[in-house]
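Dear colleague,

Please find below the structure that I am handing over to you. The findings follow directly after it.

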Amino acid sequence: WNPDEKIYPTSMVKIMTTLVALENCALDDVVTVTRSVLNQVPIGILGADLKVGEEITLRDLLYANMVASATDASVVAAAYVGGSIDGFLLMMNDKAVELGCQGTNYSNVHGLHDEQTYTTARDIARITEAALENEIFQEMFCAAEYTMAATNKHEERTITTTNNMMNPKNSKYYDKRVTGGKTGATDQGGRCLTLTAEKDGMELIAVVMGCESSKERF
């Protein structure tokens, strides 16, 4: 329904951020978090509590980006892989064109609201399908939780998916058919969810965008 309507992608942007990073880096690369990059992270958002001077692998940054929707991880990974945020945005937009996305543009790497960051439900489905062909992305997309290794600034920490339908510890919303997913929400973009599900040998991708919030948050 309305697959080509212009919408705001919220944290679905992180699907492309992760895919582009995976295609242009080595997961065992160690990234040093700098103050100049952390200063580009908006205040008061979901994050992995990255610290200036922290040395962390790209693998852990991308898992934090996908599983916990950590915006600081998005920004740090993008700045490293692209040489700068602007450089990485060029890579993201080029990848969107390569995948045949006709209604997508990125002006940030995390999906917080910006009038120049927009997409369509069809494009999100197309990007997700392409990303799932990457085995490492698939592991990240389908992880209910992940343990990040200790760093010079943090002890070992375990992060949990923001998609409660794939979290077996959430008895109210867990659905064993759901195999992976990414959530997102902004005031302008509404509550959003992209997920994969499987039953009787059939695999599906679902994209639901722009939903109104309710008293029960999921």
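**Aromatic pairs**

Being four residues apart in helix α7 (residues 135-141), F137 and F141 are separated by about one helical turn. Please bear in mind throughout that the model is a predicted one. F137 is buried, with a relative accessible area of 0%, and F141 is likewise buried, its relative accessible area being 0%.

In total, the structure holds two aromatic pairs. A pair of aromatic rings is described by the distance of the centres and the angle of the planes. Since Y63 belongs to helix α3 (residues 58-67) and Y146 to strand β3 (residues 145-148), the pair ties together parts that are 83 residues apart in sequence. Y63 and Y146 are both buried. The rings of F137 and F141 form a pair as well, with centres 5.6 Å apart and planes at 25°; as planes under 30 degrees apart count as stacked, this pair is therefore stacked.

A further ring takes part in an arrangement with a charge. The charged end of K6 sits over the ring of Y118, at 4.5 Å from the centre of that ring.

In soluble globular proteins, nonpolar side chains tend to be buried together. Here, the largest nonpolar core has 56 residues, and M16, L61 and M92 are those with the most contacts inside it. Two or more residues of this core come from each of the elements α1 (13-23), α2 (35-38), α3, α4 (71-82), α5 (85-98), α6 (121-131), α7 and β3.

Leaving aside its neighbours within four places in sequence, L61 is in contact with V31, L50, I56, A73, V76 and A77.

How many of the residues of α1 are buried? Ten of the eleven are, so α1 is largely enclosed by the rest of the structure. The buried residues of α1 are V13, K14, I15, M16, T17, T18, L19, V20, A21 and L22.

Helix α3 is mostly covered, nine of its ten residues being buried. These buried residues are L58, D60, L61, L62, Y63, A64, N65, M66 and V67. Just after α3, S69 takes a positive phi of about 55°.

In helix α5 you will find L89. L89 is buried, with a relative accessible area of 9%. Although L89 and V20 are 69 residues apart in sequence, their C-alpha atoms are 9.7 Å apart in space. When its neighbours within four places in sequence are left aside, L89 is in contact with Y106, S107, N108 and V109.

**Cavities**

A search of the whole structure finds two cavities of 30 Å³ or more. The largest cavity has a volume of about 50 Å³. Which residues line the largest cavity? The lining consists of P9, M12, V13, I15, M16, Y106, T119, I124 and I127. At least two residues of this lining are supplied by each of α1 and α6, and α1 gives the most, with three residues.

**Two loop residues with positive phi**

Two aspartates complete the account. The phi of D49 is near 60°, a positive value in a residue other than glycine. D49 is placed in the loop between α2 and β2 (55-57). Is D49 buried, partly exposed or exposed? Its relative accessibility is 43%, so D49 counts as partly exposed.

For D200, phi is near 50°, again a positive value in a residue other than glycine. D200 has its place in the loop between β6 (190-199) and β7 (202-211). With a relative accessibility of 76%, D200 counts as exposed, because the term applies to values over 50%.

Key
Residues numbered from 1 in each chain as written. Predicted model: local features only at pLDDT ≥ 70, side-chain atom pairs only at ≥ 80, totals over all residues. Heavy atoms only, no water. Phe/Tyr/Trp six-rings, centres within 6.5 Å; stacked < 30°, edge-to-face > 60°. Buried < 20%, exposed > 50% of the residue type's maximum accessible area, 1.4 Å probe, protein only. Lys NZ or Arg CZ within 6 Å of the ring centre and 35° of its normal. Core = buried A, V, L, I, M, F, W, Y, C linked by side-chain atoms within 4.5 Å. Contact = heavy atoms within 4.5 Å. 1 Å grid on protein atoms, 1.4 Å probe; cavity = no way out; pocket = protein on both sides within 12 Å on 5 of 7 lines; lining within 4 Å. Points joined across faces, edges and corners; volume = space filled by probe spheres on them.
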